[in-house]
Amino acid sequence: MENEAADQNPPSSEMESLSVESQAEAGSSSSGPAATQMTSEERFRIVRSVGEECIQEDELLNLLTKKPQPICYDGFEPSGRMHIAQGVMKTISVNKMTSAGCKVKIWIADWFAQLNNKMDGDLKKIQTVGRYLIEIWKAVGMDLADNKVEFLWSSEEINSRAHEYWPLVMDIARRNKLPRIIRCSQIMGRSEQDELSAAQILYPCMQCADIFFLKADICQLGIDQRKVNVLAREYCDAIKRKNKPIILSHHMLPGLQQGQEKMSKSDPSSSVFMEDTEAEVNLKIKKAYCPPKIVEGNPCLEYIKYIILPWFNEFKVERSADNGGEKTFKSFDELVVDYESGDLHPADLKPALSKSLNKILQPVRDHFNKDANAKDLLKRVKGYRVTR
């Protein structure tokens, strides 16, 4: 498969355990000079800040104390245009992980998207979407220097090391009853009540195997992937493996409309996409649910908490002197006080949010306007029909 990240060296064919013992190769300078000067506690604070939940914190601290360059894994189905959580939140998380000395393996799960009937199961379309995802991460500012981040295509890696991969999948499948696997169906955006295809029964066993195949010390995926990550820890108990993968689950941003628990690629109004124009971003935020004085379940405030503040370390609101004048918020708690009291109104918050989002997204727009390859990828991806 042709792709911009295909020059990454394939991992060693030797199957290693999830070891937290110090390794000679892990102590190389690739973990970065800043990370090597940090204490284990400082590294822990940075890595832990990525997740809404961590299973288990003591294991994470132990890992960071003993292993200079732990392997962190995240995976994506290439299934359509990239929304801001996948683009910006993921970039924030990856840059935090690498700054703390982790190596991040991003699993472009093309075969999984095919199993899950994305793009009508058309692998060529799925791989085009995968290349588009990589272009966005490069453009938005993911720190890809010094091979700290590795993009791996599931189809290529599994084919090249099939003798390691499929025995793992088979063993995981053999050790689990069908109801336990069906409980993992949430990872595919399905429910346990859905009529699943045989391929979708295979999927959780494969995703569980990915963790060991990639030698991941940390699984850094969304909270919606928790069940399969727990399955991997249970598998460690079954095979008496001491060092279990640590689960670091990040927060899931809600959709922009009232009552939307998550963003949807099939509903463009539910989220900001990474190559949306300035006008599109302004309109989406203008129409977004943002009740005055209410913080809970307010998607605009979630965007500020999880995207704007981590990116800029501040949130700047410009308004007339009559409406309170300009104000720069340095923390979310500070913002909440003003918002709940009514001192900060949605009519002032929304334009400030749009302005900040557009500032983050402008380099992505520039890249897709100026780079011929990126422009072609986007045109093709926009023409694809999103399928469930």
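Is Arg226 buried, partly exposed or exposed? Arg226 is partly exposed, because its relative accessible area is 32%, a value between the 20% limit for buried residues and the 50% limit for exposed ones. The model discussed here is a predicted one.

1. The salt bridge of Arg226. Arg226 pairs with Glu53 in a salt bridge whose closest N and O atoms are 2.7 Å apart. This pair links distant parts of the chain, with Arg226 in helix H11 (residues 226-238) and Glu53 in strand S1, 173 residues apart. Glu53 also counts as partly exposed, because its relative accessibility is 22%. In general, side chains of opposite charge can pair when their charged atoms come close.

2. Asp276 forms a salt bridge with Arg81, and the closest N and O atoms are separated by 3.1 Å. Here too the pair links distant parts of the chain: Asp276 belongs to the loop between strand S6 (246-249) and helix H12 (278-287), whereas Arg81 belongs to the loop between S2 and H4, 195 residues apart. Asp276 has a relative accessible area of 1% and is therefore buried. Both residues belong to a network of salt bridges that links Arg81, Glu275, Asp276 and Lys284.

3. Arg380 and Asp376 form a salt bridge, with 3.0 Å between the closest N and O atoms. Both residues lie in helix H16 (residues 372-383), four residues apart, which is about one turn of the helix. Arg380 is partly exposed, since its relative accessibility is 33%. Asp376 is likewise partly exposed, since its relative accessible area is 34%. The count of salt bridges comes to 21.

4. The sheet. Six strands form an open sheet in the order S1-S6-S5-S2-S3-S4, with mixed pairing. Strand S1 (53-55) and strand S4 (149-153) stand at the edges; each has a single partner strand, so one side of each is left without a neighbour in the sheet. Strand S2 (residues 71-76) and strand S3 (residues 103-108) run parallel and are joined by six bridges. Gly75 stands opposite Trp107 in S3. Helix H10 packs on the sheet, where it touches S2, S3 and strand S5 (218-219), and its direction makes about 150° with that of S2.

5. Asp210 lies in helix H10 (residues 198-213). The side chain of Asp210 is instead joined to that of Trp107 by a polar contact of 2.9 Å. Beyond residues up to four places away in sequence, Asp210 touches Tyr73, Trp107, Phe112 and Tyr165.

6. Apart from neighbours within four places in sequence, the contacts of Arg43 include Ala35, Met38, Leu64, Lys67, Pro68, Gln69 and Pro70, together with Ala100 and Gly101.

7. A buried glutamine. Gln86 is found in helix H4 (residues 84-99). Its relative accessibility is 6%, and Gln86 therefore counts as buried. Setting aside neighbours within four places in sequence, Gln86 is in contact with Phe76, Leu133, Trp137 and Lys265. The C-alpha atoms of Gln86 and Phe76 are 8.9 Å apart, and these residues are ten apart along the chain.

8. Helix H14 and its surroundings. In helix H14 (residues 332-341), the residues Phe332, Leu335, Val336, Asp338 and Tyr339 are buried. What covers these buried residues includes helix H13 (299-312), strand S7 (315-317), strand S8 (327-329) and helix H15 (346-370). Gly342 follows H14 and has a positive phi, near 95°.

How values were computed. Residues are numbered from 1 along each chain as its sequence is written. This is a predicted model: local features need pLDDT of at least 70, side-chain atom pairs count only at pLDDT 80 or more; totals for chains, interfaces and linings use all residues. Side-chain values use heavy atoms; hydrogens and water are left out. Helices (H or I, at least four residues) and strands (E, at least two) are DSSP runs, numbered from the N terminus. A polar contact is a pair of N or O atoms within 3.5 Å; within protein, one must be able to donate a hydrogen and the other to accept it, and residues adjacent in sequence count only if both atoms are side-chain atoms. Contact means heavy atoms within 4.5 Å. Two strands pair if DSSP finds at least two bridges between them. Axes are lines fitted to C-alpha atoms, for helices over the stretch in contact, and angles run from 0 to 180 degrees between N-to-C directions. Buried means under 20% relative accessible area, exposed over 50%, partly exposed in between (1.4 Å probe, protein chains only). A salt bridge is a side-chain nitrogen of Lys or Arg within 4 Å of a carboxyl oxygen of Asp or Glu.
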